[in-house]
Amino acid sequence: MADKDRIDRKLEEAGWEADGTFSEHLAIGESGDLCVLVHRSTWETDEPAYELYDVERHVSYWVHEIPTPEQATELLEEHGKTPEEE
């Protein structure tokens, strides 16, 4: 489970609050209505992908680096799409 701990630490370093609710399948960082979702299938690779998600607006955007919550807000405003649009 060292990979999960490393992801949680990276989330916290970027300004997110790590949520261990789904720790076996998913790493989650929260900040208000924003989340960073890190699916287990990606945290076990050399190049993890991070799904930014705005709960209120129901839009998401995938990135390869963990942004700060402020950067995530900008990325979601510029590039976020609803599941129907993807």
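**Figure 1. Salt bridge between Lys-4 and Asp-8 in the predicted model.** In this predicted model, Lys-4 pairs with Asp-8 in a salt bridge whose closest N and O atoms are 2.6 Å apart. Both residues belong to helix α1, where Lys-4 and Asp-8 are four residues apart, about one turn of the helix. Lys-4 and Asp-8 are both buried.

**Figure 2. Salt bridge between Arg-6 and Asp-3.** A salt bridge joins Arg-6 to Asp-3, with 3.7 Å between the closest N and O atoms. Helix α1, which covers residues 2-13, holds both partners, and three residues, about one turn of the helix, separate Arg-6 from Asp-3. Arg-6 has a relative accessible area of 30% and is therefore classed as partly exposed. Asp-3 is likewise partly exposed, because its relative accessible area is 33%.

**Figure 3. Salt bridge between Arg-57 and Asp-54.** The side chains of Arg-57 and Asp-54 form a salt bridge, with a distance of 3.6 Å from N to O. Asp-54, in contrast, is buried, because its relative accessible area is 9%, and residues under 20% are counted as buried. The count of salt bridges in the model comes to three.

**Figure 4. The largest nonpolar core.** This core has 16 residues, and those that touch the most other members are Ile-7, Leu-11, Trp-16, Val-36, Val-38 and Tyr-50. Helix α1, strands β3 (34-39), β4 (50-54) and β5 (59-63), and helix α3 (69-79) each contribute at least two residues to the core. Which of these elements gives the most? Strand β3 does, with three residues.

**Figure 5. Surroundings of Val-38.** Val-38 is among the residues that touch the most other members of the largest nonpolar core. When neighbours within four places in sequence are left aside, Val-38 is in contact with Ile-7, His-25, Leu-26, Ala-27, Trp-43, Ala-49 and Tyr-50. Of these contacts, Ile-7 and Tyr-50 are also listed among the core residues that touch the most other members.

Methods
Residues numbered from 1 in each chain as written. Predicted model: local features only at pLDDT ≥ 70, side-chain atom pairs only at ≥ 80, totals over all residues. Heavy atoms only, no water. Salt bridge = Lys/Arg side-chain N within 4 Å of Asp/Glu carboxyl O. Buried < 20%, exposed > 50% of the residue type's maximum accessible area, 1.4 Å probe, protein only. Core = buried A, V, L, I, M, F, W, Y, C linked by side-chain atoms within 4.5 Å. Contact = heavy atoms within 4.5 Å.
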